[in-house]
Amino acid sequence: MKIFCIGRNYIDHAKELNNPVPSEPMVFMKPPTALVVNNKPFYYPDFSEKIHYEGEIVLRICKNGRAVQPEFAARYYDAVAFGIDFTARDLQEKLKGKGHPWEIAKGFDRSGPLSKWVPLSELNNPQDIHFQLKKNGTVVQDGHTRDLIFSFDTLIVYLSQYFTLQKGDMIFTGTPAGVGPVQIGDVLEGEIEGNAMLTCAIK
Ligand code: ZN
């Protein structure tokens, strides 16, 4: 199972970290050992002092495929979940400075809490999903997938040029503005279309 992640896929988030807006999708991956399911907690790792949350809509791949053509892209995903792309921002900044890959800052153990899946057929408008992340009860991120720089279909077409998509793969599609730090004792909650999807306590 592959877990793709897309960086800088919302203009407002690229700007808040002073990053340029990309002209093609920026792709990285997390290993399956990053996933945390069933609302289990996140344990603050001792190798970082600056863990940031990034609330994201995650897309589930439902069909194997490669070199998918745009007109067929929508057939390759069937459900979404709420995910958190935890990032060791201090490590990432160091690695970025050296021009090195980000893997340890983004793919470490338990860096990817994931909610249950919602079939797209149960959403009013699968092309414009509203999602929010709350920290200790306060909304800190509020996103609409209509604001994605690279849409779900575009991501399927792009990724499948390089990687064979397999049923069960997933894509963390990027985070909107409002990323920030967590501390031990915080509780994060993710919502999709106003429905509680994910709870994640920081321990
Ligand atoms: Zn992210």
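The side chain of Ser160 reaches the backbone oxygen of Val157 at 3.2 Å, a polar contact in the sense of a pair of N or O atoms within 3.5 Å, where one must be able to donate a hydrogen and the other to accept it, and where residues adjacent in sequence count only if both atoms are side-chain atoms. This is a predicted model, in which local features need pLDDT of at least 70 and side-chain atom pairs count only at pLDDT 80 or more, while totals for chains, interfaces and linings use all residues. Residues are numbered from 1 along each chain as its sequence is written, and side-chain values use heavy atoms, with hydrogens and water left out.

**Ser160 and helix α4**

- Ser160 is found in helix α4 (residues 152-162); helices (H or I, at least four residues) and strands (E, at least two) are DSSP runs, numbered from the N terminus.
- With a relative accessibility of 2%, Ser160 counts as buried; buried means under 20% relative accessible area, exposed over 50%, and partly exposed in between, with a 1.4 Å probe and protein chains only.
- The side chain of Ser160 also reaches the backbone oxygen of Ile156, at 2.9 Å.
- An α-helix has 3.6 residues a turn, so residues three or four places apart point the same way.
- Apart from neighbours within four places in sequence, Ser160 is in contact with Gly65, Arg66, Ala67, Val68 and Leu165, contact being heavy atoms within 4.5 Å.
- The C-alpha atoms of Ser160 and Glu16 are separated by 29 Å, and the two residues are 144 residues apart along the chain.
- The buried residues of α4 are Phe152, Leu155, Ile156, Val157, Tyr158, Leu159 and Ser160.
- The cover over the buried residues of α4 includes β1, β2, β5 (55-61), β6 (77-84) and β12 (170-172).

**Aromatic pairs and a charge over a ring**

- Nine aromatic pairs are found in a search of the whole structure; rings of Phe, Tyr and Trp (its six-membered ring) pair if their centres lie within 6.5 Å, and planes under 30 degrees apart count as stacked, over 60 as edge-to-face and the rest as tilted.
- Tyr10 and Phe131 form a tilted pair, at 6.3 Å centre to centre and with 55 degrees between the planes.
- Tyr10 lies in the loop between β1 (3-7) and α1 (11-16) and Phe131 in strand β10 (residues 130-135), so this pair ties together parts that are 121 residues apart in sequence.
- Tyr10 and Phe131 are both buried.
- Phe28 and Trp102 form an edge-to-face pair, at 5.4 Å centre to centre and with 65 degrees between the planes.
- This pair links distant parts of the chain, 74 residues apart: Phe28 is in strand β2 (residues 26-30), and Trp102 is in the loop between α2 (89-98) and α3 (103-106).
- Phe28 is buried, with a relative accessible area of 8%, and Trp102 is buried as well, with a relative accessible area of 15%.
- Phe42, Phe47, Phe86 and Phe108 are linked into a cluster by ring pairs.
- The charged end of Lys63 sits over the ring of Tyr76, 5.3 Å from its centre; the criterion is NZ of Lys or CZ of Arg within 6 Å of the ring centre and within 35 degrees of the ring normal.

- The structure holds one cavity of 30 Å³ or more; on a 1 Å grid over the protein atoms alone, a cavity is a set of points where a 1.4 Å probe fits but cannot get out.
- The largest cavity holds about 110 Å³ of space; grid points are joined across faces, edges and corners, and a volume is the space filled by probe spheres set on the points.
- The lining of the largest cavity comprises 15 residues, of which Arg8, His13, Glu54, Gln92 and Trp102 lie nearest its centre; lining residues have an atom within 4 Å of a point.
- The elements that give two or more residues to this lining are β1 and α2, and α2 gives the most, with three residues.

**Leu35 in strand β3**

- Leu35 lies in strand β3 (residues 35-36) and, at 21% relative accessibility, counts as partly exposed.
- Leu35 and Gly112 are 77 residues apart in sequence and 4.6 Å apart in space, C-alpha to C-alpha.
- Not counting residues up to four places away in sequence, Leu35 touches Met1, Ile3, Gly112, Leu114 and Met170.

**Positive phi at two asparagines**

- Asn39, in the loop between β3 and β4 (51-53), has a positive phi near 60 degrees although it is not a glycine.
- Asn39 counts as partly exposed, at 44% relative accessibility.
- Asn136, in the loop between β10 and β11 (138-144), has a positive phi of about 50 degrees and is likewise not a glycine.
- Asn136 is partly exposed, with a relative accessible area of 45%.

Terms used
1 Å grid on protein atoms, 1.4 Å probe; cavity = no way out; pocket = protein on both sides within 12 Å on 5 of 7 lines; lining within 4 Å.
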